[in-house]
Amino acid sequence: MKSTRAEKHWSFVSVLLLCFLSASVSGSFPKAQNVTWLSFNFKTLLTWSPKPTDYSYTVEFSKFGEDNQRTPHCIQMSETECDLTAELTDLKSKYTADVLSEPLRNMSSELIEFPRTASDQFCPYQDTVIGSPKFKIEVSKDERKTTLYVEDIPTAVLDAQKQTRTIQDIFKNDLHYRITYNKAKSSGKKVKISTSSQIELTDLDRGESYCFTVQVVIPSRSTNKQLGESSQVQCSPAGGISFFNDYSTTVIAGGILTIIVIISAVTAVIVICCKRQQEAKNRGKEGVPLKSV
């Protein structure tokens with residue numbers, strides 16, 4: 001009887017020990033958490049947590065419908081990010097990635113399949129954040145037109161000749177600009193959408209200072225991802241409109257001539273009136289009889 005109880009006791013202990021060992025093996029390679037795509041101007045990183053201690057991470061990625069691939073710099077690594085910019089060459093395709101928890105380099109494991117965590121789908125063309133553009137302001141001499149010149153934004157993508165591709169190179173006709181502006185002394189804002197990087201504004205009050213911000217717009221994207229980051233605010237100088245800028249040379253010459261004619265006419269009338277008054281006085285003197293002595 002005692003023997004049976006002892007056997008049951010050791011059997012129970014053995015089961016607990018096996019469960020503990022099993023738990024400790026699976027727990028030695030924790031799954032990656034918070035697997036996230038971070039992409040700015042097409043420089044694309046896959047990030048996750050936590051920082052590994054006695055294990056490593058390996059990243060596998062794939063284009064939608066194709067087999068998984070690995071990139072050499074993201075195999076059995078101790079970092080928690082992987083730069084996949086150069087791997088995602090088809091910018092309009094959708095990609096997914098897995099982060100595997102594996103043993104350290106030159107270490108073995110009895111695990112047949114390592115823990116993995118999958119990412120959400122990611123499309124560079126649709127999902128990368130577009131940075132803020134730079135621009136210059138030019139006001140015409142007569143202050144009738146203000147022009148904004150928006151600089152093209154470089155990306156992390158290289159062409160076949162290893163030259164940097166720009167936002168314009170990638171989005172082409174899908175690229176628009178959103179200009180928000182207001183008088184420097186007013187909070188009321190107006191918005192203009194332009195398909196050109198050279199934006200002309202002719203509806204501004206002359207002589208007033210205006211402040212502008214510019215954003216890239218990609219209309220083909222989902223609504224919450226259409227706008228890029230806002231540029232820094234820039235303001236045009238307040239104008240000092242001169243009389244000669246306000247009117248053409250012909251108008252000014254005509255005005256001067258009109259003034260001369262009016263002055264000449266008034267002067268002539270005054271001269272004629274004075275002559276007539278003088279003549280009337282002279283005639284009055286001639287008609288008075290002389291007094292006798």
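**Strands, salt bridges and backbone features of the predicted model**

Threonine 146, with a relative accessibility of 8%, counts as buried, where buried means under 20% relative accessible area, exposed over 50%, and partly exposed in between, computed with a 1.4 Å probe on protein chains only. The model is a predicted one, in which local features need pLDDT of at least 70 and side-chain atom pairs count only at pLDDT 80 or more, whereas totals for chains, interfaces and linings use all residues. Residues are numbered from 1 along each chain as its sequence is written, and side-chain values use heavy atoms, with hydrogens and water left out.

Threonine 146 is found in strand β9, residues 146-150; helices (H or I, at least four residues) and strands (E, at least two) are DSSP runs, numbered from the N terminus. Not counting residues up to four places away in sequence, threonine 146 is in contact, meaning heavy atoms within 4.5 Å, with Ile137, Glu138, Val139, Ile199, Glu200, Leu201, Leu204 and Phe212. Glutamate 200, one of these residues, also meets the side chain of lysine 145 in a salt bridge with an N to O distance of 3.8 Å, a salt bridge being a side-chain nitrogen of Lys or Arg within 4 Å of a carboxyl oxygen of Asp or Glu. Because lysine 145 lies in the loop between β8 and β9 and glutamate 200 in strand β14 (residues 198-201), the pair ties together parts that are 55 residues apart in sequence. Lysine 145 is partly exposed at 33% relative accessibility, and glutamate 200 is partly exposed at 40%. Arginine 144, found in the loop between β8 (135-139) and β9, is 59 residues from aspartate 203 in sequence, while the C-alpha atoms of the two residues are 8.2 Å apart in space.

Phenylalanine 212, another residue touched by threonine 146, is the bridge partner in β15 of tyrosine 181. Strand β12 (residues 176-183) and strand β15 (residues 210-217) are paired in the antiparallel sense over eight bridges, two strands being paired if DSSP finds at least two bridges between them. These strands belong to an open sheet of four strands in the order β13-β12-β15-β16, with antiparallel pairing. At the edges stand β13 (190-194) and β16 (234-235), each of which has a single partner strand, so one side of each is left without a neighbour in the sheet.

Elsewhere, strand β1 (residues 33-40) and strand β2 (residues 43-49) run antiparallel and are joined by six bridges, with tryptophan 37 standing opposite leucine 46 in β2. The two strands form a hairpin with two residues between them, and asparagine 41 in the turn has a positive phi of about 50 degrees. Most residues other than glycine have a negative phi, and most peptide bonds are trans. A positive phi is also found at glutamine 76, which is not a glycine, with a value of about 45 degrees, and at lysine 172, where phi is near 50 degrees. Glutamine 76 is placed in the loop between β4 (69-70) and β5 (81-83), and lysine 172 in the loop between α3 (167-171) and β12. A cis peptide bond, with omega of about 0 degrees, joins serine 49 to proline 50, and proline 50 has its place in the loop between β2 and β3 (56-63).

Strand β6 (residues 95-102) contains serine 101, which counts as buried at 0% relative accessibility. A polar atom of the serine 101 side chain lies 2.5 Å from the backbone oxygen of proline 30, and the residues that serine 101 touches include Phe29, Lys31, Tyr55 and Phe114.

The structure holds 10 salt bridges. In one of them, glutamate 102 is paired with arginine 70, their closest N and O atoms being 3.5 Å apart; since glutamate 102 lies in strand β6 and arginine 70 in strand β4, the pair ties together parts that are 32 residues apart in sequence. Glutamate 102 is buried, at 6% relative accessibility, whereas arginine 70 is partly exposed, with a relative accessible area of 39%. Both residues take part in a network of salt bridges that links Glu60, Arg70, Asp98, Glu102 and Arg116. A further salt bridge joins lysine 225 and aspartate 127, with the closest N and O atoms 2.7 Å apart. Lysine 225 lies in the loop between β15 and β16 and aspartate 127 in helix α2 (residues 124-127), so this pair ties together parts that are 98 residues apart in sequence.

Key: A polar contact is a pair of N or O atoms within 3.5 Å; within protein, one must be able to donate a hydrogen and the other to accept it, and residues adjacent in sequence count only if both atoms are side-chain atoms.
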